Amino acid sequence: MENPLIEKARVRRKFIHPEFEAGRVPKNDVALLKLTRMTDTFRIIRMCRVEKDPGTWLETVGLGSTNHAHLELPSHLIETSFLQTRYKYASLFHAEPCEPELICTEPTDRGSSISRMDEGSPLYTYICDTRVPECLYGVASYFISDHVCTSPYQECTVRSFFAKVPHFYPWIGRTVVQND
């Protein structure tokens, strides 16, 4: 059965960042797709050119479940909110800073994160306190959980990481201009 949320369009060409590295923790995890035609499903939102401050409220939408105990394809898009942080991991004894090409986040709802089905989903900033997207700030890359969350009452830490659009903006601009 086809998902009514997905409009099909053929990909004419794909552009993978030249320094992309696959693996459990991907590096330079960004790509562009040139479609054969515009689609009616998506609205165009500009890309963020400048980095946001830690503490910025961010939001993503995706098809994957935000609860890792129940991975299933829902019938509607799911919104998940995050706060940008300075660190990938932090404890009383050690803090690992976020790499310049990543947006490190923590969920606003404990246990929420992107899902295995959400890699490539957009991460937006919003205009002040509105629900109007300001710009595309990131693209879902990967998540790390300290353990599998099997119960809604279980404490678990899930961190979601996004490729930072402002970091890749020069490459995106060059690629679009050279292949228009």
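**View 1. Strand S3 and its two neighbours in the predicted model.** Six bridges join S3 to strand S4 (residues 78-85), and the two strands run antiparallel; helices (H or I, at least four residues) and strands (E, at least two) are DSSP runs, numbered from the N terminus, and two strands pair if DSSP finds at least two bridges between them. Within this pairing, Leu 58 has Phe 82 of S4 as its bridge partner. Strand S3 (residues 57-62) is also joined, by three bridges and again in the antiparallel sense, to strand S8 (residues 122-126), where Leu 123 stands opposite Thr 60. This is a predicted model, in which local features need pLDDT of at least 70 and side-chain atom pairs count only at pLDDT 80 or more, whereas totals for chains, interfaces and linings use all residues. Residues are numbered from 1 along each chain as its sequence is written, and side-chain values use heavy atoms, with hydrogens and water left out.

**View 2. The closed barrel and the pairing of S4 with S7.** Six strands close into a barrel in the order S3-S4-S7-S10-S9-S8, with antiparallel pairing. From one strand to the next the twist averages 45°, where axes are lines fitted to C-alpha atoms, for helices over the stretch in contact, and angles run from 0 to 180 degrees between N-to-C directions. Four bridges hold S4 and strand S7 (residues 102-107) in an antiparallel pair, and here Leu 83 stands opposite Glu 106 of S7.

**View 3. The S8-S9 hairpin.** Strands S8 and S9 pair in the antiparallel sense over five bridges, with Pro 122 opposite Val 139 of S9. Six residues lie between the strands of this hairpin, in which Cys 128 takes a positive phi near 40°. S8 is mostly covered, since four of its five residues are buried, buried meaning under 20% relative accessible area (exposed is over 50%, partly exposed in between; 1.4 Å probe, protein chains only).

**View 4. Helix H1 and the residues it buries.** In H1, the buried residues are Val 165, Pro 166, Phe 168, Trp 171, Ile 172 and Thr 175, and the buried residues of the helix pack against strand S1 (11-16), strand S2 (31-35), S9 and S10, contact being heavy atoms within 4.5 Å. At Trp 171, H1 bends by about 35°, the bend being the angle between axes fitted to the seven residues ending there and the seven starting there. At 1.5 Å a residue, the 14 residues of H1 should span 20 Å, and this agrees with the 19 Å between its end C-alpha atoms; the expected span is 1.5 Å times one less than the number of residues.

**View 5. The whole chain.** The chain has one helix and 10 strands, which follow one another along the sequence in the pattern β-β-β-β-β-β-β-β-β-β-α. Of its 180 residues, 40% are buried, and among contacts between residues at least 6 apart in sequence, 63% join residues at least 24 apart.
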